[in-house]
Amino acid sequence: MNVTFRQLRVFEAVARHLSFTQAARELHLTQPAVSMQIKQLEDNAGVPLFEQLGKKVYLTEAGQEMYHCARAIAQQLDDAEAVLEQLKGVQRGRLEISVATTANYFASRLLAAFNRRYPGVTFSLDVTNRETLLRQLADNDKEVAIMGLPPEEAELAAETFADNPLVVIASPDHPLAAERDIPLKRLESETFVVRERGSGTRIAMERFFNAHGVRLHMPMEMNKNEAIKQAVQAGLGLGIVSVHTLELEMETGRLVVLDIEDFPIMRHWYLVHRKGKRLTPVAQAFRQFVLKEAGTMLRRPPLAPARAATDAAGPPPAHVAARADKA
Ligand code: PGA
């Protein structure tokens with residue numbers, strides 16, 4: 001069979017997406033170019049690999065067999081590329097990384113420190129939410145990601161390097177700002193501004209409140225931590241965000257962290273890649289750097305509530321620092 005690598009790449013993408021349009025988008029090709037490659041491949045193979053029923057595309061039995069082989073070949077090509085990168089070394093590589101929206105608050109600091117160590121490395125950084133990150137890793141679109149713990153069934157290797165406490169924030173003039181050890185049930189009479197579905201923060205907070213039998217009133221949903229903080233400052237309600245997003249507001253006293261029973265919800269940050277994937281030297285160096293150094297760089301998140309902002313250099317208040325893993 002006279003098949004080219006290009007035809008296999010195109011076939012693999014169409015079969016993975018079950019869509020000519022999406023494959024064309026991923027490969028930066030036109031749709032007719034994709035159709036042409038598939039037609040040539042089918043002519044070569046002597047059997048149809050796809051069938052179209054209505055608007056949907058399906059793999060034929062031969063197509064499914066071909067898909068298994070195409071994936072294995074694509075993986076081997078990736079490995080070959082990684083070996084060549086290995087020979088070139090870390091100094092001139094490129095790091096393709098994706099981070100969860102919330103992790104972006106420290107990702108630039110990490111990349112800056114990594115860049116000081118390996119000045120020749122170039123980066124591409126994608127900031128997106130958990131749902132998209134999982135898809136990117138599954139599609140082999142990104143080599144490494146920084147995110148909350150991925151689900152077990154996702155076949156991903158995840159190594160933790162830092163805490164990610166989620167806290168309840170309010171504007172400083174909110175009546176609850178002056179209270180201590182606020183019972184969880186008390187939150188049922190408040191209005192919340194929360195992250196979008198698909199965000200790790202949202203999933204963790206819902207799991208936490210469900211487990212405690214607390215029903216929150218959440219009429220406002222926003223897909224950016226910045227938008228939530230602005231809304232909370234403007235008095236639209238309370239918010240739930242990671243302490244990593246709060247550095248500026250803590251310093252300026254524009255927001256306070258409420259002292260809620262059983263808070264913070266303790267999540268963790270993970271460096272994630274596909275199980276069994278051979279990382280390029282740059283990705284491997286970045287993995288080692290994050291696991292070794294990031295914990296120290298992030299160990300002192302800006303935890304002090306606004307009313308204690310004058311003590312910003314001191315230890316975090318007990319109500320934020322000491323509670324155990326709950327989510
Ligand atoms: P996110 O954060 O809410 O920005 O998706 C990731 C996570 O906590 O898992």
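**Close-ups of a predicted model**

Leu 18 sits in the loop between helix H1 (5-17) and helix H2 (20-27). Helices (H or I, at least four residues) and strands (E, at least two) are DSSP runs, numbered from the N terminus. This is a predicted model, in which local features need pLDDT of at least 70, side-chain atom pairs count only at pLDDT 80 or more, and totals for chains, interfaces and linings use all residues. Residues are numbered from 1 along each chain as its sequence is written, and side-chain values use heavy atoms, with hydrogens and water left out.

View A. Most residues other than glycine have a negative phi.

**View B. The cis peptide bond between Phe 263 and Pro 264.** Omega is about 5° for this bond. Pro 264 belongs to the loop between strand E10 (256-257) and E11. Most peptide bonds are trans.

View C. Thr 201 puts a polar side-chain atom 2.6 Å from a ligand oxygen atom. For Gly 200 it's a backbone N or O atom, 2.9 Å from an oxygen atom of the ligand. Arg 195 has a polar side-chain atom 3.1 Å from a ligand oxygen atom.

**View D. The shell around the ligand.** Residues surrounding the ligand (a heavy atom within 4 Å) include Ala 100, Arg 130, Asn 164, Arg 267 and Trp 269. Helix H7 (200-211) and strand E11 (265-274) are the elements that give two or more residues to this shell. Domain 2 (90-162 + 269-297) and domain 3 (163-266 + 301-325) both contribute residues, so the ligand lies between them; the bounds come from an automatic or database domain assignment.

Methods:
Polar contact = N/O pair within 3.5 Å; in protein donor to acceptor, adjacent residues only side chain to side chain.
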